[in-house]
Amino acid sequence: MNRPGLALDVDGVLAADPRHILGGHEALRSLGYHEHHYDGPGPDGMPASGPVWLNPEHGFWLRELLARDIDIAWATSWGHRASEWIAPRLELPALPVIEVPNQAPGFGWSAKLGPIRRWIDRRPLVWIDDVYGGKEHGWAEDRRDEEGIPTLLIETDPGRGLQREHIDAILSWLDAQTPAPDATGTAPGVQAHRDCITTALRAGGVTGDKATRATNAILAKLAKGMCPRCGAALGQFPGRSRMTPDRCIRVCGECSSHEGALTMLPGDGGDSIEDWPLDASEIRVEFQAIVKPDQGRQ
């Protein structure tokens, strides 16, 4: 399958607008947004100055998507200023820019559609924006159903911006594009491990959005057949897998870690292969030590 692409807006997506949410600035702070001050050229090239509300969580979420081998490009009136000013504040790498006109939708169509179509060609597409013309949804449906090209449009609330459920929807969409492993496959299935990893993380005290982010980060590596801790190919170690009734233990021969050990939190490389437990309750203890390394192994 062709590598998918994501066309990303800024205003109303990464930069929430306090005028569109009850409670204004305080409401945005409660959602995790921080106020930044922009002073530079505006979309029309004239000087512009004012507050820009950004959420650092968005940087983490977008890096999570980049780990799934999806191309992300700016599709915003910010143009190259998105890479120069927005990206560093969200700790994002340099991303390509789709040159889109700075104009509102007309006759039911977003002015961005043409440039995005030229950029994506016949590859799978995710497009995140807060303002569509309306007819793009029919175009996306035709692209999916008649041309067989996966296409997902996500519309955000400009007062809240990008939310975790939007990222989860994209991850599920990407999972649907990933071929299932064969019967003897060395790369573990993605969804088969979600409940296992999430349950273990929760048992270790990691819950809510933090557990979801950690689980998705782990699954992003597993989907590529990689050890989520060290990046080694799990397929090189097919003999070092064991099953318990409610837990799958797959040990990486490079770092001797359980495949679910990485939570993007501090921790060492794990115990030796022989020391890894086979009892489900003991696995939960191992996870607790990983997600809370300051408590030590129990």
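Author: Here is a walk through the salt bridges, then the pocket, then the confidence.

A bit of housekeeping: this is a predicted model, where local features need pLDDT of at least 70, side-chain atom pairs count only at pLDDT 80 or more, and totals for chains, interfaces and linings use all residues. Residues are numbered from 1 along each chain as its sequence is written, and side-chain values use heavy atoms, with hydrogens and water left out.

Take a salt bridge to be a side-chain nitrogen of Lys or Arg within 4 Å of a carboxyl oxygen of Asp or Glu. Counted that way, there are 12 salt bridges. Let's start with Lys112, which pairs with Asp9, the closest N and O atoms sitting 3.0 Å apart. That pair ties together distant parts of the chain, 103 residues apart: Lys112 is in the loop between helix 3 (80–89) and helix 4 (113–120), while Asp9 is in the loop between strand 1 and strand 2. (Helices, H or I of at least four residues, and strands, E of at least two, are DSSP runs numbered from the N terminus.) Lys112 also meets Asp129 in a salt bridge, at 2.8 Å from N to O. Here the partner lies 17 residues away, in strand 6 (residues 125–129). Lys112 and Asp9 are both buried, and Asp129 is buried too; buried means under 20% relative accessible area, exposed over 50% and partly exposed in between, with a 1.4 Å probe and protein chains only.

Arg19 and Asp17 make another salt bridge, 2.7 Å from N to O. Arg19 is exposed, with a relative accessible area of 74%, whereas Asp17 counts as buried at 16%. There is also a salt-bridge network linking Arg3, Asp69, Asp71 and Arg123.

Arg19 turns up again in the largest pocket: of its 35 lining residues, Asp11, Gly12, Arg19, Ser77 and Trp78 lie nearest the centre. A pocket is an open set of points on a 1 Å grid over the protein atoms alone, where a 1.4 Å probe fits, with protein on both sides within 12 Å along at least five of seven lines; lining residues have an atom within 4 Å of a point. Strand 4 gives the largest share of that lining, 6 residues.

The chain averages 75, and 63% of the residues score at least 70. Strand 1 (residues 5–8) has the highest confidence, at 98, and strand 8 (residues 241–243) the lowest, at a mean of 36.

Note on methods: pLDDT is the predictor's confidence in each residue, from 0 to 100.
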